[in-house]
Amino acid sequence: MRRAAPLGYELSPAEAERAGAVMARLRHAAEGADETAIIRAAHVRGGLLPEGLLGALADFRRFGNEHGVLAVRNIPITRDLPPTPSRPESAARGCTPSVAALLLLMSRLGDPIAYAEEKRGALVQDICPIPGEEERQENTGAVYFKLHTENAFHTRRPDFVGLLCLRGDHERRAASITASISQAYPVLSAADVAVLREPRFQTRLAPSFCRGRARRPYTKPAPIITGTAEFPRMCVDFDDTRPCDEPAARALASLGRALQRVRRESVLRPGELAIIDNSAAVHGRAAFTPRYDGSDRWLQRMFVVETVRPLLGEVEQGSVYRCGPLPFPEVTVP
């Protein structure tokens, strides 16, 4: 029988108070420290979080769950927030309560990592609508954000993605959407699964990774589904993944329909952290209407890999492990 983590964990008032005290200790330790010291402190102090929360995080790291997402609610971040940022490269500055919360909880899943091309290499990134970018298929947009694996094109994509809500959108329409391959897999035909397991799909690089390029190149052909039938894994971006032939196109369309069939929507509330298992579930966002009045939707994001050890020698070893620019050659469809 498969063991799985719960789908969510809500801190009780007493647990929230204890978590807040651990966050305060981390913030104190962060004063005057560099990122390496702060991350180490988060790994160490994370063990002081409430036992129930630690158990839920440990089980999710080890076993996952049927939805590929764990929601942690009632995290005690401050409600006295500054205006929602309005710059595309906006990133967290200093060890604020929300940054401390992300560091403490996400470090229980592995090692934080950043990307040199993503938000200028920021470890904790602001996710909010940006004026003039409403139609973009990026985290700065406001239209329906298609389902995708985070950094699906990258050879070192994150294992987990943490999205912490600081402020919801005005009309509570910006639902976070997730869909699990474990639930979609039984919906697919054996023929489609067979095609999806073959290297017949290419994924285009994200715009943020293509600055200075004349165009956005595609990766070499790769499968979308890997793993076993009981524990399938998935890597796809429904805006940037293209099939190499007609059977692949049909299989990709079938996968899209299957994922839409099992999709789940949740409007995150302030103090709620959605942790996405990046190879078990794709995620996206419903459309909403920003007002650009300083109180728009505001999330903060952090990436985690299970361990940085395989990356040693490949990533930039500064104050935090950051994947540098990778050589993506122009690849054509065979």
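This is a predicted model: local features need pLDDT of at least 70, side-chain atom pairs count only at pLDDT 80 or more; totals for chains, interfaces and linings use all residues.
Which residues in H1 meet which residues in H4?

1. Residues are numbered from 1 along each chain as its sequence is written, and side-chain values use heavy atoms, without hydrogens and water. From H1, Val-22, Met-23, Leu-26 and Arg-27 meet Pro-97, Ala-100, Ala-101, Leu-103 and Leu-104 of H4. Contact means heavy atoms within 4.5 Å. By class, this contact has eight nonpolar residues, no polar and one charged. Ala, Val, Leu, Ile, Met, Phe, Trp, Tyr, Cys and Pro count as nonpolar; Asp, Glu, Lys and Arg as charged; the others, Gly among them, as polar.

2. **Geometry of H1 and H4.** The two axes come within 9 Å and cross at roughly 100°. Axes are lines fitted to C-alpha atoms, for helices over the stretch in contact; angles run from 0 to 180 degrees between N-to-C directions. H1 is therefore roughly perpendicular to H4. The classes are: under 35 degrees roughly parallel, over 145 roughly antiparallel, 65 to 115 roughly perpendicular, the rest oblique. Helices (H or I, at least four residues) and strands (E, at least two) are DSSP runs, numbered from the N terminus.

3. **H1 against H2.** Helix H1 (residues 13-30) packs on helix H2 (residues 35-45) at about 155°, with the axes 10 Å apart. The pair is therefore roughly antiparallel. Val-22, Arg-25, Leu-26, Ala-29 and Ala-30 in H1 meet Ile-38, Ala-41, Ala-42 and Arg-45 in H2. That contact holds seven nonpolar, no polar and two charged residues.

4. **Main core.** The largest nonpolar core has 43 residues. Such a core is a set of buried Ala, Val, Leu, Ile, Met, Phe, Trp, Tyr and Cys residues joined through side-chain atoms within 4.5 Å. Buried means under 20% relative accessible area, exposed over 50%, partly exposed in between (1.4 Å probe, protein chains only). Those with the most contacts inside the core are Ile-75, Leu-103, Leu-105, Met-106, Leu-273 and Ile-275. Elements supplying at least two residues each include H1, H2, helix H3 (51-63) and strand E6 (160-167). H4 gives the largest share, eight residues.

5. **Ile-75 and a second core.** Leaving aside neighbours within four places in sequence, Ile-75 is in contact with Leu-11, Ala-101, Leu-105, Leu-164, Gly-271 and Leu-273. A second, separate core of 25 residues includes Leu-147, Ala-184, Ile-225 and Leu-255.

6. **Positive phi.** Most residues other than glycine have a negative phi. Asn-74 has phi near 70°, a positive value. Asn-74 sits in the loop between E2 and H4. Its relative accessibility is 31%, so Asn-74 counts as partly exposed. Tyr-292 also has a positive phi, near 55°. Tyr-292 lies in the loop between strand E14 (281-285) and E15. With a relative accessible area of 33%, Tyr-292 is partly exposed.

7. **Pro-243.** This residue is in strand E11 (residues 241-243). Pro-243 is partly exposed, because its relative accessibility is 26%. Leaving aside neighbours within four places in sequence, Pro-243 is in contact with Arg-200, Phe-201, Ala-248, Ala-249 and Leu-252. Pro-243 and Ala-222 are 21 residues apart in sequence and 9.9 Å apart in space, C-alpha to C-alpha.
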